[in-house]
Amino acid sequence: MSEDRTVTASNLEFFRAAILEPALGYTRRDLDEVESASWHLGAVEAAHWAALGGQIGYFEGEEAYQLIADSKEVFDAWINLVNQNVISSAEPWAKVVTESGGIYQFREERFAPDRESEIDERTRQFLQQTFQGYLLALAESSFDDDTQYFLTSVAWADDAEWNARRAGMRRGKADSVEKLWTGFANAVNCLEQMRELSDSFESRDMSLMFGVSPSLPEIPQPEAIEKFTGQAQMIVSRRYFLSFDQLVNRYFVLAGELVGRARQDTAEWLDARPGFFNHLCQIVSYGGARQVRERRAQLWDLFVTDARGAAKVASPTQAYEAPRVESHPPRWYAQGETSGEVG
Amino acid sequence: MVQLREARYGIPGYEKSYALLSRARGIDTAVIFVHGFGGKPTSTWKNFQGLADEYSEHYPWWAQADMFFYAYDSVHTQVRANAPILGRFVEDVWHGRWWGSDSGANRRYSSLIFAGHSEGGVIIRRLILDRYQGIWRAVRQSHAGADESALKRALAESLKQDFVLAASLRLFAPACMGTNFSSWIGFLTSFSAFVAALTASSVVRNELLPTSTILHGLKEGTEQAYMESPQVGSLFTSPLFGIPDQVVTSDSYQGEELLWDKGYDHFTVCKPTYQHVRPLEFVRK
């Protein structure tokens, strides 16, 4: 085996251990339909990462395709999501699978390098380094129980259920406030890392331009990096459902509730809070939230108005309004909210 | 151009720990990264994973080093219980036990570096002290009745042979002198650490307070050991603190020089970026 093939083979093994196996962790659990949906999204997301890795040569496209095609659970996950109307087979995110003559299969061409846009070696190496960073960030917190519990709760629970989970009023064996909080922190942490990795080219460019770090060679194809990071953003954001304003509201209410627990009557604390709020705005924007800039005043109100009343501080620009989160059954997700090409 | 490192995920027995193995020739060093309270192996050490290679022409020692990112329960498991678990991990890495049947098991290191952040620094120093005291007890037992000078010679010889005690310690904002849990502002710049602080076991939190008997005992024991055996490099170090750091007490053990990194807080001091390469320079033999 050539040195290159050895490298790509070990990369694929790393992907299998770090992403695919944890993403398929649900098959070993006893889950209801709603809990399963969040895990199924993770399994299909893993297929997208395999395809993207194949496209940039992080692993051999054919081998990545085979790994996914051989994972019956990934395919079943896709079928379940479509049947449950959680995703639409017409939406770009679902098109990692294709239908022909009534037969569904993974699209092998999605796993292969784009022959029309040749990527030079230096750019490719930067893409692969960034991609490995993505996988490590995802492996750290994206597919564990706590994160899935949070994602299921925030996206699928109606108001009564969501509030009960936040307040520790659910008595199910799997329910836990600590899980909800930790899962929330994981979700935020994951999006934060993905966003920073996606911005790393820009950061590299700036530091070289201003000579603030030791010199590094120029990366000649920034457009390839832009396309790649855009694809990654589309892949990761689907599971967060942040294109729905009501869910974005829940993020800010919960964040405000947690930050409110650390409340101190000091100027320092009051000054620290907007910094955290602004950071959260950037993270949810990366995760697919729309019009965050336009909704800042409303989100600020939700953030500073802890539902428990622990931190009632009115926004300087808008009168206090109790946080309201509309209930939303899971099936309205398949209304084609996402757009753009993935994978 | 070939990737400079091979990633191995899920080191058996240490869930979510992973290795980035150098593909260079002449690898002689294992660097073990130990995150802090509420931290995680990737996010705590963010960018080490990529920048160590990208800057390998400027900091060539990284090419000679395998990187191990250790994951452990920092919020529910006590310091004294965590130290021996880290010790087993270090043994497994050093002796290549985690490779299984892989040919890489032939890898042999001559140097060990611990990079610790916050509580990670406490766990590392506890491991070093446990190791020192264990050797001290073993030598006493095996030389029962020997005179003091013979005992000292035997102790020095045993200490010299221990690869953990020969390690270099590179500690970022270690929590060895206590953590400021009474104010949460410092935690707000790392949301996951902040939530960890909210959900952590009060036992672990108490162990990391400035008044903690665990921290006090570690300080006394390490200073005493260093007085007895100043040749043991891992008993003495110069920690690097950010300015400002609102999370830990920025101080260290007797005589240790404090290094400062202005403009970086408790959580960013250990993260290299294109604008902040100091962490890459700091972690070396």
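Reply: Strand β3 of chain B runs parallel to strand β5 (residues 111-117) of chain B, and six bridges join them. This is a predicted model, in which local features need pLDDT of at least 70 and side-chain atom pairs count only at pLDDT 80 or more, while totals for chains, interfaces and linings use all residues. Residues are numbered from 1 along each chain as its sequence is written, and chains are lettered from A and ligands numbered from 1 in the order in which they are written. Strands (E, at least two residues) and helices (H or I, at least four) are DSSP runs numbered from the N terminus, and two strands pair if DSSP finds at least two bridges between them.

Within β5(B), A115(B) is the bridge partner of F33(B). β3(B) also pairs with strand β4 (residues 65-70) of chain B, again in the parallel sense and over six bridges; here D66(B) is the bridge partner of A30(B).

The axes of α3(B) (residues 79-94) and α4(B) (residues 119-142) come within 8 Å and cross at roughly 75°. α3(B) is therefore roughly perpendicular to α4(B), a term for angles of 65 to 115 degrees (under 35 is roughly parallel, over 145 roughly antiparallel, and the rest oblique). Axes are lines fitted to C-alpha atoms, for helices over the stretch in contact, with angles from 0 to 180 degrees between N-to-C directions. Residues of α3(B) including V79(B), P84(B) and L86(B) meet residues of α4(B), among them I123(B) and L127(B); contact requires C-beta atoms, placed from the backbone, within 7 Å. Seven residues of this contact are nonpolar, two polar and three charged (Ala, Val, Leu, Ile, Met, Phe, Trp, Tyr, Cys and Pro count as nonpolar, Asp, Glu, Lys and Arg as charged, and the others, Gly among them, as polar).

Beyond these elements, 31 residues of chain B are in contact with 40 residues of chain A. On the chain A side, α5(A) gives the most, with eleven residues.

Conventions
Contact = placed C-beta atoms within 7 Å.
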